[in-house]
Amino acid sequence: MKDPKRVATGRKSRRKGARNERAAAKILSSWWDCEFKRTPLSGGWADSNKARQDFGASGDLVCPDPSFPFLCEIKSQEGWELEHLLRHPETCLIMKWWAQANGETPPGKTPLLLFTRKLLPWFTAFREHKVAEYLVNHRHPVIGFMFFGDIIYVVELARLTQISKQEIIRILRPRKGMSDGNP
């Protein structure tokens, strides 16, 4: 017999996750001028890479615009702090989430982790050097750190969404002789 408290907690957690995915979808829809939706069965395919591939569904949000270069992983959980990235990166929740996003990202896309917690704005983590450079050149604060050979950048989502869709596409377009646009 299932524990009623455990069932209620799981249901509450799923509702919170869905609510936060919808909130992130609204922000991204406004930015990209395209409707973002929760991935069908978001989280329900976590153990089935084949199902994700068969349906072309990855991450927590999807949009019909093929020019959107990112796979979005959404997290809203208490217990993390940005300082954990610098002091305890090996056990930091943000890095665990990053590893999940990175592992689920199909070829041709780049991982974009969106995360928040109570009373804080949305943040995003990504590894695109050219996007970070653009933000710094436009006087936006960016945190960069090394994580298992990758340089990961963290910035408030509101800062990232100030870059236009056309500019993101231009920034991420690989140049001749470069495989992924990074140095």
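So, is serine 29 buried or exposed? Keep in mind that this is a predicted model. Here, serine 29 comes out at a relative accessible area of 18%, and the cut-off for buried is under 20%, so we call serine 29 buried.

Where does that residue sit? Serine 29 belongs to helix 1, which runs over residues 4-32. Its side chain reaches the backbone oxygen of cysteine 34 at 3.2 Å. If you skip residues up to four places away in sequence, serine 29 touches Cys34, Glu35 and Phe36.

Okay, on to the cores. The largest nonpolar core has 27 residues, and the ones touching the most other members are Leu114, Val131, Leu160 and Ile168. Several elements each supply at least two residues of this core, including strand 3 (70-76), strand 4 (110-116) and helix 5 (129-137). Helix 1 gives the most, with five residues.

Let me zoom in on leucine 160. Leaving out neighbours within four places in sequence, leucine 160 contacts Trp31, Leu112, Thr124, Val131, Leu135, Val155 and Ile168. There's also a second, separate core, this one of 15 residues, and among them are Met95, Trp98, Phe123 and Phe145.

That takes us to helix 4. Met95 and Trp98 are among the buried residues of helix 4, along with Ile94, Trp97, Ala101 and Glu104. Helix 4 covers residues 93-104, so 12 residues, and from first C-alpha to last it reaches 17 Å, close to the 16 Å expected at 1.5 Å a residue.

How values were computed
Residues numbered from 1 in each chain as written. Predicted model: local features only at pLDDT ≥ 70, side-chain atom pairs only at ≥ 80, totals over all residues. Heavy atoms only, no water. Helix = DSSP H or I, 4+ residues; strand = E, 2+ residues; numbered from the N terminus. Expected span 1.5 Å × (residues − 1). Buried < 20%, exposed > 50% of the residue type's maximum accessible area, 1.4 Å probe, protein only. Polar contact = N/O pair within 3.5 Å; in protein donor to acceptor, adjacent residues only side chain to side chain. Contact = heavy atoms within 4.5 Å. Core = buried A, V, L, I, M, F, W, Y, C linked by side-chain atoms within 4.5 Å.
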